[in-house]
Amino acid sequence: MRITHNMMFSNMTSNMNTILGNYMESGIQMSSQKRVNRPSDDPTSTVRIFDYRASIVANDTFINNSKEADSWLKSTDGALQQAQGILTRITELAEQASTGTITPENRMQISFELEQLFDQLMNIANTEYNGTHIFSGHKTDIPAYQRGLGIMTETAEFKGANAVVNGSVPQTTMVRFPQDGQIGGNANLTYEYSKDGGKTWVTKTLNAGDTTLDLDGATIDYPDAKKNPIQVHAYDANQLTSPTNGSMLYVRRSAYYQGDDNDNPPEVDIFGASIGKAEAQGNFKTDVQIKFPKDVDLTKDGTVEFLYSTDNGLTWQTGKATTTQGKNSLRVVVPGGYIDVEAAANGKINAGDQFVVRPNRAQETGFEIAPGDFVEITNDGKDIFGGMYKGKGDKYAKVVEDPNIFETISNLIAYAQTNNQDGCGQSLEDMRKMSEHLLTSLARVGGKSNRVTVNTSVMENHRDNQTTRMSNIEDANLTDLLNKISRQQLTYQAVLQSSSMIMRMNLLNFI
């Protein structure tokens, strides 16, 4: 075969381009210090690299979430530690106030410091972190508490009665009744109040049928007494400041919780005229939608099919429930709990009718610190500090069930300002229980903080391990790469030199 100059030139050009391409590829690897720069460099390794990168990004997110959650929890922990210090001081003052050797003036002086500590504790309960309130549940845009007035009473007739207290009082105001009668009754009722601890009293008359006691600056209204009058009893002149002396009322400062709660039962919204009633029980983490794809007859024995969704209707799961003859209801079991459903009429539920379970999510604001692992950071303040609270569906604010730190302190202030030694003694015992309750809350927050700290370390180690594994696949070995580039450079220079010499050869060189 005849070897022409054109063939030699083409082969040399092709070889030079190949060598130059390899040389340039090594240059790219040197500049990026990566062995794999494009999927075509190593398709299998590229897939693994992308997986590692996604894992590292996810780890970074979990680490950032953990650090943010840790900062939030440390702020909460610091607030509760300050609150614990205040409770310790209040307990000391309660011990002094319950001592029989101090004078009424001493108790009044103690009450002044108690009022300041009460206000400081409310400030702590309204603590903010980055502009969000940490004790308001997920209503982080509003303070957890606001100041108001409340009522302390030991009188059975007033226990559980809905009262609305408005206005302000300079200090604890006592209300008593000189004779038996009724609030909201058919006859006028005389009552007395004192704003100086029982030293002086002002007498007033409540007109027949009226339910509002006027205290000159504050009012107490018992709206339900319009239909169900409240019986009151006359006081004993020998026990003027005793809380059990007739129908005695103490009007004093109180803290009203404005956040939300995590109380059961969840709310249920009904969509469809054929569903008469639906009541849910359980620990639901998200809204749950339930609907019936076919007509349901609750009056017969059988099995019915329903659909439920936990992602706002994006996907639906199938469930089954049992109907029983003679009953007008069925129990629908879904993740988190169950719902008892009743038909509106004739025991029939129409196809397509549905309802939505909406849990009270006061403590669901949190961070995902690991795959599928969430830590809650907000707190339902009323379950820590207590106070007064108007819950969902309630018409009036009510005293939060014990333990109730704010109400305990409010009662102590009232007893101190009305020179009630026995009441101060009872408040002392209650304050010790409140301290234990707050310590439990502190331990719960501290446990979460420790968990988040450990998780941060675990996620950082995992990220470092993933980075190392990815580097072993993706990164170039600089020593080998430098040797490779040196060889390629020498090869390319040699090819250039030899090619130029060969291409210059012709018949004239041999003449």
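Author: In β20, Ile 339 is the bridge partner of Val 332. The model is a predicted one, in which local features need pLDDT of at least 70 and side-chain atom pairs count only at pLDDT 80 or more, while totals for chains, interfaces and linings use all residues. Residues are numbered from 1 along each chain as its sequence is written, and side-chain values use heavy atoms, with hydrogens and water left out.

Reader: What makes β19 and β20 a pair of strands?

Author: Strands are DSSP runs of E with at least two residues, and helices are runs of H or I with at least four, numbered from the N terminus. Two strands pair if DSSP finds at least two bridges between them; β19 (residues 329-334) and β20 are joined by 6 bridges and run antiparallel, so they count as paired by that rule. The two form a hairpin with 2 residues between them, and Gly 336 in the turn has a positive phi of about 105 degrees. β20 also pairs with β14 (residues 275-282), in the antiparallel sense over 7 bridges, and there Lys 277 stands opposite Glu 342.

Reader: Why is a set of residues called a nonpolar core, and which residues of the largest one touch the most other members?

Author: The name applies to buried Ala, Val, Leu, Ile, Met, Phe, Trp, Tyr and Cys residues joined through side-chain atoms within 4.5 Å. The largest such core has 56 residues, of which Leu 87, Ile 90, Leu 121, Tyr 145, Phe 385, Phe 406 and Ile 409 touch the most other members. Its largest share, 12 residues, comes from α2.

Reader: What makes a residue a contact of Leu 87?

Author: Contact means heavy atoms within 4.5 Å. Leaving aside neighbours within four places in sequence, Leu 87 is in contact with residues including Leu 121, Ile 405, Ile 409 and Leu 438.

Reader: Which residue classes make up the lining of the largest pocket?

Author: Ala, Val, Leu, Ile, Met, Phe, Trp, Tyr, Cys and Pro count as nonpolar, Asp, Glu, Lys and Arg as charged, and the others, Gly among them, as polar. By this scheme the lining has 17 nonpolar, 12 polar and 10 charged residues, and α6 gives the most to it, with 7 residues.

Definitions and conventions. Buried < 20%, exposed > 50% of the residue type's maximum accessible area, 1.4 Å probe, protein only.
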